Amino acid sequence: MPEPDSALTISARGLTRNFGSHVAVNNVTLELRRGEVLGLLGPNGAGKTTTMQMLTGNLAPAQGTVSICGVDLMEQPIAAKARIGYLPEVPPLYRELTVDEYLALAARLRRVPRAGVREAIDRARQRCGLSNVGAKLIGTLSKGYQQRVGIAQAIVHGPDVVILDEPTVGLDPNQIREIRTLIRELGGAHSVMLSSHILPEVEMICDRVQIMHHGELVYGDTIAALKQFERGATIDLGLRRPPSLEALAATPGVASVQRTEATLFRVQFAPGDDPTEALVRCAAAGDWGLYRIAPAQKTLEDVFVHLTRHEEGG
Amino acid sequence: MIFTIAGKELKSLFASPLAWVVLTVMQLILGYVFLRRLDDFLQLQSQLSRLANPPGATELVAAPVFGTAAGILLFSVPLLAMRLIAEERRNQTMVLLMSAPVSMTQIVLGKFLGIFVFLLAVVALTALMPLSLAGATQLDYGLLAGLVIGLAMLAASFAAVGLFVSCLTAHPVAAAVGSFAALVLMMLAGEAAGEGLRARGWALAASLAQVLSPIKNFEPSAKGVLDTYALACSALLVLFFLALAARQLDAQRLRG
């Protein structure tokens, strides 16, 4: 038997789960290392939540294994679950309890010794910006604060792995920023896995990204590689007095040109053959009235379209 | 771990108006029955004193109060127990327990203990009424103890059934109706099955049928008889339904 890698906090192999005839998650294999923030990206219904439910022991996989810090989740669920902090899509909050009561309950359930509960609560509250709402009833808090209580609940016992399902949904931009900072901080000591369908968000917080589509992992790499991939070889170009398409296409490095609006063009080029400088030079020389030039931001949809098309093409 | 869950359950119970309403209504009804019986008892006293071995206040006042309490529990325990699992599912808070390092058995035992402690308070409140007569008359403490034990076992049986039905659905009201129906059915069918089996001469099966009839197990202790068989039947019923509940929770993790 191979020695389990001590740096691996999550190691899932061949996870498969179906609901009736619908295959929600198909043969997903993923790993998470200590100190890493992993983003699980995908459109709604891609199987992100189902995957997370299986990783946290809320749902039994039809096939495949999960081990948390080398402890098998099926064989020793209690030891494995003690190392996980999980914030599901809907935070599991008891509205009738105060924040302190609730966090104490969460800490006790995760086997924090009675003497350490006070300290654990204080730490979690402080990290999540809940310091002055400890005595309030959870039901009276705003959505943003409830989400923070949800995160506090997931980290109160200092778990090795924190799994957050769409942690920034329903928050206002300021709160989203704070939560993102918090998640980055968590990535230092714990390892974090989060799901999202917002590409820039994952770009900002995560070290590594896995993209799911129709229950399968279609892409997995570092964020830097994803950025490359996503910028791809496309430039958005805006010209007030555009020349003919042929003239544009003749610029050195340009592979093809598409007109998207009256004065907007989409320029494709071969990777590594960036024609940005050449385009600017030609635009100045030919008085094309250049007012915009930018690498095209692909949306997640584009990435999916590309990835799935790529697969079909072999 | 079990006590943590039980403590949370109690806290939630008292945070909801339901527990207070149940306690209040119960006290009102029991208070009325108690005073009514006491009144009858006082009026009959002159006639009773002429008997050679007259029934005392415990028999004529306390026993009916406990009988009424049993009836009220039949209605109120399903209402209290419906929240245990079904409401957590509905509010999507069950995840907190399911992803915590806690076994299904611990969840079930914790939940059961939480509601059982509450029901013990109900039993204690019921016992206080006849106890208030202690200064005025000679109480039969043996009979009173039997009534308390019997009612506690009855409450435990009802709570176990309610907890199991609550595991079956994510709809609290459906759970309440379901467990009420199950309890009534058990009361009727348990008795009928016992009689039917005994008529055919299947003594063992007939005695086992008593497990499913909580009210029948309450009867001996209501007469002040400490019937170990009835107590064992009650304990078996509780264990049986708690085991079913734990299995049901586990099955849901598999089914999703």
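Is helix α3(A) mostly covered or mostly uncovered, and how many of its eleven residues are buried? In this predicted model, α3(A) is mostly covered, with ten of its eleven residues buried.

**Helix α3 of chain A**

- The buried residues of α3(A) are Val99(A), Glu101(A), Tyr102(A), Leu103(A), Ala104(A), Leu105(A), Ala106(A), Ala107(A), Arg108(A) and Leu109(A).
- Within chain A, these buried residues pack against α4 (117-127) and α5 (143-155).
- From chain B, α1 (2-15) and α5 also pack against the buried residues of α3(A).
- After α3(A) comes Arg111(A), which has a positive phi near 65°.

**Contact between chains A and B**

- The contact brings together 24 residues of chain A and 19 residues of chain B.
- On the side of chain A that touches chain B, at least two residues come from each of α2 (77-81), β6 (84-87) and α3 (99-109).
- Helix α3(A) gives the most to this side of chain A, contributing four residues.
- By class, the residues on this side of chain A comprise 16 nonpolar, three polar and five charged.

**Domains of chain A**

- Chain A is divided into domain 1, covering 8-228, and domain 2, covering 233-297.
- A distance of 43 Å separates the C-alpha centres of domain 1 and domain 2 of chain A.

**Helix pair α6 and α7 of chain B**

- Two packed helices are described by the angle between their axes and the distance between the axes.
- In chain B, helix α6 (residues 104-131) packs with helix α7 (residues 141-168) at an angle of about 145°, and their axes are 9 Å apart.
- The crossing of α6(B) past α7(B) is right-handed.
- Residues of α6(B) in this contact include Val108(B), Lys111(B), Phe112(B), Ile115(B), Phe116(B) and Thr126(B).
- The contact of α6(B) with α7(B) has 18 nonpolar residues, one polar and one charged.

**Asn91 of chain B**

- Asn91(B) is located in the loop between α4 (83-90) and α5 (94-98) of chain B.
- Asn91(B) counts as partly exposed because it has 16 C-beta neighbours inside 10 Å, whereas a buried residue needs 20 or more and an exposed one has 12 or fewer.
- Between Asn91(B) and Lys223(B), the separation is 132 residues in sequence and 44 Å in space, C-alpha to C-alpha.

Terms used:
Residues are numbered from 1 along each chain as its sequence is written. Chains are lettered from A and ligands numbered from 1 in the order in which they are written. This is a predicted model: local features need pLDDT of at least 70, side-chain atom pairs count only at pLDDT 80 or more; totals for chains, interfaces and linings use all residues. Two residues are in contact if their C-beta atoms, placed from the backbone, lie within 7 Å. Ala, Val, Leu, Ile, Met, Phe, Trp, Tyr, Cys and Pro count as nonpolar, Asp, Glu, Lys and Arg as charged, and the others, Gly among them, as polar. Domain bounds come from an automatic or database domain assignment. Axes are lines fitted to C-alpha atoms, for helices over the stretch in contact, and angles run from 0 to 180 degrees between N-to-C directions. A crossing is left-handed if the near helix is turned anticlockwise from the far one by less than a right angle, and right-handed if clockwise.
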